[in-house]
Amino acid sequence: MFDDLTHYNFTLPTEWHGVYLPGLVPYVAIAFFLGFSLALVPFLVYMERVVIAFIQDRTGPNRVGPRGLLQTIADSIKLFFKEDIRPKSVDVRIYYLAPALATLTALAANAVLPAQFLYFKDAAGHVLSVPFTVGDVNIGLLYILAMSSLQVYGVVLAGWSSNNKYSLLGGLRASAQLISYELSMGLALLCVVLLAGSLKLSDIVAAQNIKPFGIDSLSDVWKGSIFSWYWLGSLGVPVILYTIAMIAETNRAPFDLPEAESELVAGFHTEYTSMKFAMFFMSEYISMLTVCGLNAAVFWGGPLPPLNIWPLNAVPGFLWFVLKIMLGIFSYIWLRGTVPRLRYDALMNLGWKRMLPIGLIWLFLLAGLNLLKEPNDGVMPPNPDAVPQVQVVQPVEGDKD
Amino acid sequence: MQLAPTIFFWIMAILSIGSALMVVVSKNPVRSALFLVVTFLAVAVFYVTLSAQFLAAVQIMVYAGAIMVLFLFVIMLLNLSAPEALKERGTIQRPIALGLGGLFITALIFSQALLQMPTRPAPAEQVVNLGTVQSIGLSLYNPNLPWLFPFEITSILLLIAVVGAIVLAKRKLD
């Protein structure tokens with residue numbers, strides 16, 4: 001399926017000193033994704049502070065290290081050595097479980113992101129394409145959605161176990177918000193699944209490696225280019241819905257009501273100090289990376305270069321992927337710096353009364369367009385894997401209408 | 001039987017049954033809900049080992065991710081965390097539950113369902129595409145298989161539930 005990716009630069013041998021190299025990809029990917037997401041967090045914090053300072057016309061961090069680069073390192077050392085205070089009336093086990101759960105689910109979610117396609121050539125000269133992920137499972141998209149739906153537990157449990165009214169309110173807000181916006185997120189992604197015909201993320205990326213809208217008369221420069229990615233392929237609306245929903249899913253401004261400091265002190269993490277607070281902080285940034293990675297892979301072509309011409313398609317796909325993630329993070333920070341926080345009822349109205357209907361309408365619209373393109377005569381294809389050949393059980397067809 | 005899958009199976013089995021027991025035994029409603037989440041996750045792992053990946057993902061998304069969050073939401077909103085508010089005294093619920101459970105286990109034993117479990121894995125070519133979205137969709141919407149009608153009935157049932165919820169909520173507002 002990926003043989004027609006035009007921009008692969010080099011191939012690796014399948015066998016190297018008797019080791020089957022494609023089999024090693026998941027292990028390297030585990031190390032890579034863990035290291036990538038954990039090591040990038042201090043940089044993201046630094047980036048956020050610098051960009052916010054620029055937007056607000058301040059200087060930003062400039063004391064520790066050149067241009068303040070070591071500021072977040074100093075901050076994390078401070079967080080490590082701060083006294084660990086546990087309030088008296090917390091529910092101890094759940095209180096300690098919550099930050100761990102938040103970080104765990106955030107880290108687990110990015111296991112299926114296709115960061116790059118690796119090419120292995122065996123002795124017979126066949127090229128084998130392996131996406132660089134921990135597991136390229138055929139339910140990749142659902143896996144990410146499942147993990148991000150589990151993320152609410154960290155926040156909710158932290159809010160509840162702290163035994164503090166502000167924390168509890170923060171946790172309740174978080175759970176309501178996440179449930180509401182997950183639906184719009186799922187609908188936006190469903191539009192792409194409809195077009196790509198697969199839930200496997202590497203298939204979705206490969207399905208974007210076509211000429212824009214499948215018009216074959218265009219030159220090869222446009223193959224897999226920025227105009228054939230699904231932000232345009234799904235006619236623009238799902239990417240907007242997804243971007244709004246992903247900001248709400250990660251509890252970031254302007255949707256940061258679970259930790260609105262003017263109303264709830266610090267929301268669900270009011271009672272957390274030192275490293276436990278830092279773990280919530282980390283999980284927020286890691287889940288930002290994950291949802292931006294999903295955005296990049298599903299709507300923005302993943303590791304594909306923006307134009308299929310020489311200097312661009314010689315760059316390893318991984319770098320394009322990281323660049324797209326970073327642009328996503330930048331837009332997060334940009335929004336935080338410019339948009340005021342929503343009121344709670346406005347947040348609920350936006351999720352349920354605006355985004356959800358628009359997403360549903362768009363899903364039907366895209367399905368209709370797809371049918372126009374490939375008319376379906378309504379005949380079921382024979383199902384070869386219907387394991388038990390069940391003898392037709394009575395009146396099924398009769399009752400259908 | 002291979003060793004590693006067996007050990008894995010037993011770990012997951014103990015985890016799922018143990019947490020299912022803790023749902024009932026635990027005094028604190030939030031803890032009960034959390035143990036129920038663990039049970040759901042363990043069941044999802046069983047689905048994966050039975051190569052029903054789609055079912056596993058949906059199990060996590062729907063049950064662990066949405067329904068249990070709603071449960072927790074309600075528990076926290078009503079602040080049921082005080083155990084003394086939940087103390088039951090002298091209900092006949094417990095003996096009835098024990099009796100019905102015993103009946104169920106005897107029925108299982110007498111029907112010999114426990115003895116007729118498959119003892120070896122199904123052939124690989126049958127298993128690979130069993131639980132993918134494609135094969136589930138093709139089976140579900142295939143008019144030659146008996147699953148289309150129950151599926152439609154279920155969706156109508158869900159629609160009725162949604163309409164009913166809206167009606168009830170509106171009546172309170174008016």
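Colleague: Which residue in S5(A) does Phe117(A) stand opposite?

Modeller: Please bear in mind that this is a predicted model. S4(A) covers residues 117-121, and S4(A) pairs with S5(A) in the antiparallel sense over five bridges. Within that pairing, the residue opposite Phe117(A) is Pro131(A).

Colleague: How many residues lie between S4(A) and S5(A) in their hairpin, and which residue in the turn has a positive phi?

Modeller: The two strands form a hairpin, with five residues between them. The turn holds a residue whose phi is positive, at about 90°. That residue is Gly125(A).

Colleague: Turning to the helices of chain A, are H9(A) and H11(A) roughly parallel or roughly antiparallel?

Modeller: Their axes are 10 Å apart and the packing angle is about 165°. Angles over 145 degrees count as roughly antiparallel. H9(A) is therefore, relative to H11(A), roughly antiparallel.

Colleague: How many nonpolar, polar and charged residues has the contact of H9(A) with H11(A)?

Modeller: On the side of H9(A), the contact involves Val239(A), Tyr242(A), Thr243(A), Met246(A) and Glu249(A). These meet Val291(A), Asn295(A) and Phe299(A) in H11(A). By class, the residues in this contact are five nonpolar, two polar and one charged.

Colleague: Is the crossing of H1(B) and H2(B) left-handed or right-handed?

Modeller: The axes of H1(B) and H2(B) come within 8 Å and cross at roughly 155°. The two helices are therefore roughly antiparallel to each other. Their crossing is left-handed.

Colleague: How many charged residues has the contact of H1(B) with H2(B)?

Modeller: From H1(B) the contact includes Met12(B), Leu15(B) and Val23(B), and from H2(B) it includes Phe35(B), Leu36(B) and Phe46(B). By class, it has twelve nonpolar and four polar residues. The number of charged residues is none.

Colleague: What share of the residues of chain B counts as buried?

Modeller: The secondary structure of chain B comes to seven helices and zero strands. Among its contacts with a separation of 6 or more, 51% join residues 24 or more positions apart. Of the 174 residues of chain B, the share that counts as buried is 15%.

Colleague: Why does Ser51(B) count as partly exposed?

Modeller: Ser51(B) lies in the loop between H2(B) and H3(B), and its phi is positive, about 55°, although it is not a glycine. A residue is buried if 20 or more other C-beta atoms lie within 10 Å of its own, and exposed if 12 or fewer do. Ser51(B) counts as partly exposed because its C-beta neighbours inside 10 Å number 18.

Colleague: How many C-beta neighbours has Leu235(A) inside 10 Å?

Modeller: Leu235(A) is found in the loop between H8(A) and H9(A). Its phi is near 65°, a positive value in a residue other than glycine. Leu235(A) counts as partly exposed, and its number of C-beta neighbours inside 10 Å is 15.

Colleague: What distance separates the C-alpha atoms of Val64(A) and Ala74(A)?

Modeller: Val64(A) is placed in the loop between H1(A) and H2(A). Leaving aside neighbours within four places in sequence, Val64(A) is in contact with Leu70(A), Gln71(A) and Ala74(A). Val64(A) and Ala74(A) are ten residues apart along the chain, and their C-alpha atoms are separated by 7.7 Å.

Terms used: Residues are numbered from 1 along each chain as its sequence is written. Chains are lettered from A and ligands numbered from 1 in the order in which they are written. This is a predicted model: local features need pLDDT of at least 70, side-chain atom pairs count only at pLDDT 80 or more; totals for chains, interfaces and linings use all residues. Helices (H or I, at least four residues) and strands (E, at least two) are DSSP runs, numbered from the N terminus. Two residues are in contact if their C-beta atoms, placed from the backbone, lie within 7 Å. Axes are lines fitted to C-alpha atoms, for helices over the stretch in contact, and angles run from 0 to 180 degrees between N-to-C directions. Angles under 35 degrees count as roughly parallel, over 145 as roughly antiparallel, 65 to 115 as roughly perpendicular and the rest as oblique. Ala, Val, Leu, Ile, Met, Phe, Trp, Tyr, Cys and Pro count as nonpolar, Asp, Glu, Lys and Arg as charged, and the others, Gly among them, as polar. Two strands pair if DSSP finds at least two bridges between them. A crossing is left-handed if the near helix is turned anticlockwise from the far one by less than a right angle, and right-handed if clockwise.
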